[in-house]
Amino acid sequence: MKKSNYQWQLQTKTELPVEFIEQLKKEEINPLIGQLLWHRNIRTEEALRKFLHPTIEDIYDPFLMHDMEKAVARIQQAVEAGEQILVYGDYDADGITSTTVMKEAIELVGGMVQYFLPNRFVHGYGPNKDVFAEQIEQGVQLIVTVDNGVAGHEAISYAMAQGVDVIVTDHHELPEQLPEAFAIVHPRHPQGDYPFGDLAGVGVAFKVATALLGELPIELLDLVAIGTIADLVSLTDENRTFVKMGLQMIQTGDRIGLDVLLQEAGVKKEAVSEESIGFTIGPRLNALGRLGEAAPGVELMTTFDEEQALEIAKYIDQQNNERKDIVTTIAKEALDLIDPNAPVHILAKQGWHEGVLGIVAGRIMQETGKPTIILAIDESGTTAKGSGRSISALNLYEALNEVREQFTHFGGHHMAAGMTLPVENIPFVQEHLAHFIEKNQIDMANGQELLISESLAVSQATTAFIDQLRILAPFGTDNTVPTFVFKEITPTQIRQIGADNTHLKFQMNQEGAQLDAIAFQMGPQADELAQGTADVAGQLSINEWNGRKKPQLMVTDFAVSGRQLFDFRGKNNQTKPIPSEATAYLLFDEKNQKFISDPTANIIVWSNQEELVEAVSQNQIEQLVFVDCPVESITVKEIVEATEIQRIYMMFISPEEAYLNGMASREQFATLYKFILQQKEVNLRSQLSKVANYLNIQEKLLIFMIQVFFDLGFVTIESGVLNSIEKPDNRPLTESQVYQQRLKKIKTEEFLLYSDCQTIQQWLWNEEDK
């Protein structure tokens, strides 16, 4: 059996109230999708209306937010007085769009406005005192922060002391003590009455723009959609309204820079979706701040010059490609540093780019299923800085917060953390995390949780059903794409696709119905699906080719029930990776250990069945690799039955190649014996190959024949030198145990090495007659 990589959590099916069912019928919604809506807390007529058909009326009054009146009045005062206003943003996609929204809104009311986006490597995150001082010296008279500010005490106090007011607009976690700013506009401010606290930074900026302009600036919703999607905030309530309307604005609007960026990224404007923003546009804007200056992002979004827009878009694309290359390089280097037995990976190296460490940590965490911290060590070799990503089972912030004194800087939440610490403290933090997991009895074996929305039959996955799933869009945080599980399907037409066979394509079959499936990054797992039935979880989509539409499943995870036999016979297959966890390598001949490439492998040398069963039990072995061939094939069957191991790998390496070389003929034995009598003494170490060539006998077969003569007492071998014995007892060749073992091995190898996998599987599992 193959366990799932994730811990599947199937949502409980609910008996829907009659009133809700009537509403579903009225909207012509499939009852299966009705279940999904109910689980998303859409349970009333009004909630359903707002979810499916949001309007401008669903957007909340901006003046419900704390300090909104005060902030708007101060901006208006600055505009009337001709004061120089600075919008101080952030270097990610949310910061870029927030800055653009605030800048354009202030310009619309006639304000003199400029902007500044900090460089993460020079200025760090949030308000920077030196930047504020420089800007004030250059004539700035009012500072408005966007997507940052609630933790900028020092810089804000400095500006206020210089007589320059600071208006903070932010959405990040509120610290216990807030800065003494002129105004703090925040959706979760304890003294505010705003009904929705999960706005992105751009959402807060948009609320200020709405209040400042006295009407809803619909033309800015394209930017709000981008920042909201990219910042991974909850796509519910007002954010859903912003994104749904914002995507329509992108499709129909005329923001030159955005249009050019979409074109450069290969996204059709009329088909833009939350997916294309989240996976194409957002990462491109984020790449700017990850590698250097983010200001070109604002320039792109505000320009009216198509030529300039194209130049910036190409630069952004170039930065994004560079970012991807850096991530790939670091991820590969990080994987090489992994200790597979460590419960948490802490990987550190000099020369790694700080701007992408969070992405790399997430990638390693996904690949290994274990919490991961990636750290870049500075040039001096004394300080490490980086990011961590966790699985749901481990609260990374809570675990690291227990040893907060080990860090120079530290912050985060359940699933992610950022940190700076002395390099010498890394081993202590690694030990602490391992101890924390053990102390709190955290089960790391099940991996991350995967929420399964519904169990479907293959026949239910129709294009009509998949089309209607789009009513749940836009998808994102707290409104995820539904994941469905298809149980007891039979995979067929399994093949590896893509560069280096990275991906997997197969067909799911169930009671006469078929569904195509694509599994990205699962190419190496093709053997797992090759036998038996499987449970497959994934997201449904429609594959459109030449005008023809077909349902398909984008596979997230799969599990295979029952016993599995993996064919690693032959030189080509022996290079394929074998999972190291809970795996034992069984040797019938200890000399064949050289064929095991993993230096950390758990090796068991065969002596008897009782000892093997005990070793398997003590070491909790779940996978057994037969490295070489036993004398008799029945030994393999008895071991499999006695250990009850569910995953068997067969390599069955035979250095002697008994079946291929066969049994020596009586004539060959006679020829060799005559040669030995003539020579009297043969140095096997230096002359074996020459003897084989002279007698025209294959070298491996010659070694066997000499072993037979030795076994029968016809020759002696001392220090590699063979001598004949004068007048030995006359004994038939068949009396030799070596000879008899050869006969058995020939038969064993013929079956174990040259039978097809299905035949061996049926023999092992006693399925020959089924």
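Biologist: Which residue forms a salt bridge with Asp237?
Modeller: This is a predicted model. The closest N and O atoms of the pair are 3.7 Å apart. That falls within the 4 Å cut-off for a salt bridge. The partner of Asp237 is Lys50.

Biologist: How many residues apart in sequence are the parts that Asp237 and Lys50 tie together?
Modeller: Asp237 lies in helix H10 (residues 237-252). Lys50 lies in helix H3 (residues 45-52). The pair therefore ties together parts separated in sequence by 187 residues.

Biologist: Is Lys50 buried, partly exposed or exposed?
Modeller: Buried means under 20% relative accessible area, and exposed means over 50%. Lys50 has 22% relative accessibility, so this residue counts as partly exposed. Asp237, at 30%, also has a value between those cut-offs. The class of Lys50 is partly exposed.

Biologist: How far apart are the closest N and O atoms of Asp58 and Arg49?
Modeller: Asp58 forms a salt bridge with Arg49. Asp58 is buried, with a relative accessible area of 8%, whereas Arg49 is partly exposed at 28%. Their closest N and O atoms are separated by 3.0 Å.

Biologist: Which residue is linked with Arg49 and Asp58 in a network of salt bridges?
Modeller: Arg49 and Asp58 form a salt bridge. Their network of salt bridges takes in one further name.

Biologist: How many salt bridges does the structure hold?
Modeller: The pair Asp237 and Lys50 is one of them. Asp58 with Arg49 is another. The count for the structure is 28.

Biologist: Where do Lys103 and Glu107 lie?
Modeller: These two residues form a salt bridge, with the closest N and O atoms 2.7 Å apart. Lys103 is buried at 11% relative accessible area, while Glu107 is partly exposed at 38%. They sit four residues apart, about one turn of the helix. Both lie in helix H5.

Biologist: At what angle do helix H24 and helix H25 pack?
Modeller: H24 covers residues 684-695 and H25 covers residues 699-711. Their axes are 9 Å apart. The crossing is right-handed. The packing angle is about 120 degrees.

Biologist: How much accessible area do Tyr659, Leu660 and Tyr754 have together?
Modeller: These residues form a nonpolar patch on the surface. Leu660 lies in helix H22 (residues 658-661). Leu660 is exposed, with 54% relative accessible area. Together the three have about 310 Å².

Biologist: What is phi of Asn546 near?
Modeller: Asn546 lies in the loop between strand S17 (534-545) and strand S18 (548-560). At 71% relative accessibility, Asn546 is exposed. Its phi is positive, in a residue other than glycine. The value is near 55 degrees.

Biologist: What is the positive phi of Glu644?
Modeller: Glu644 is in the loop between helix H21 (634-643) and strand S23 (647-653). Its 62% relative accessibility makes Glu644 exposed. Glu644 is not a glycine, yet phi is about 60 degrees.

Notes: Residues numbered from 1 in each chain as written. Predicted model: local features only at pLDDT ≥ 70, side-chain atom pairs only at ≥ 80, totals over all residues. Heavy atoms only, no water. Patch = residues over 30% accessible without salt bridge, like charges linked within 9 Å, V, L, I, M, F, W, Y side chains within 5 Å. Areas by Shrake-Rupley, 256 points an atom, 1.4 Å probe, with all protein chains shown as cover. Salt bridge = Lys/Arg side-chain N within 4 Å of Asp/Glu carboxyl O. Helix = DSSP H or I, 4+ residues; strand = E, 2+ residues; numbered from the N terminus. Buried < 20%, exposed > 50% of the residue type's maximum accessible area, 1.4 Å probe, protein only. Axes fitted to C-alpha atoms, helices over the stretch in contact; angles between N-to-C directions. Left-handed = near helix turned anticlockwise from the far one by under 90°.
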